[in-house]
Amino acid sequence: MEELRKQNTILTSRQESIIRNLRAETKVKMELFSALGDARRQAEELNHKLEQKCRENEMLKQRVAEPWQCPRSRPLVLVYQLLLPPPIPSTAPTDFSQKILAELININCSISGEL
């Protein structure tokens, strides 16, 4: 009889240990799924922001392409660009450089009779 009580105590202890481990694993799994949901939301937000930036980039490309509409202005513009120092990537062109570029295009177009 004493042996049965001892085995019962051991089995009960094992059962409690298993239950504690399962609860801990469940808690970890819930935390992981929560983190996964957060990561998915962040990815969707970043994807949306990327799409917006791509649309903005396309709009800026169109705005930059407008002065190039006179086809014979290209050689003067290329000469102008060769004379300029390389641009700093993080800054937009200055108003001064845009005015010079527009003036070069106007001069070239008026010389070629296309203005």
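For my own notes, pLDDT is the predictor's confidence in each residue, from 0 to 100. Helices here are DSSP runs of H or I, at least four residues, numbered from the N terminus. Over the protein the mean pLDDT is 77, with 58% of residues at 70 or more.

I noted the ground rules next. This is a predicted model, where local features need pLDDT of at least 70 and side-chain atom pairs count only at pLDDT 80 or more, while totals for chains, interfaces and linings use all residues. Residues are numbered from 1 along each chain as its sequence is written, and side-chain values use heavy atoms, with hydrogens and water left out.

Then I looked up salt bridges (a side-chain nitrogen of Lys or Arg within 4 Å of a carboxyl oxygen of Asp or Glu). I found 2 in the structure.

Arg41 pairs with Asp38, and their closest N and O atoms are 2.3 Å apart. Both sit in helix α1 (residues 2–65), 3 residues apart, so about one helical turn separates them.

Lys53 pairs with Glu56, at 3.8 Å from N to O. These two are also in helix α1, 3 residues apart, or about one turn.

Last, I checked accessibility (buried is under 20% relative accessible area, exposed over 50%, partly exposed in between; 1.4 Å probe, protein chains only). Arg41 is partly exposed at 46%, and Asp38 is partly exposed at 36%. Lys53 is exposed at 53%, whereas Glu56 counts as partly exposed at 41%.
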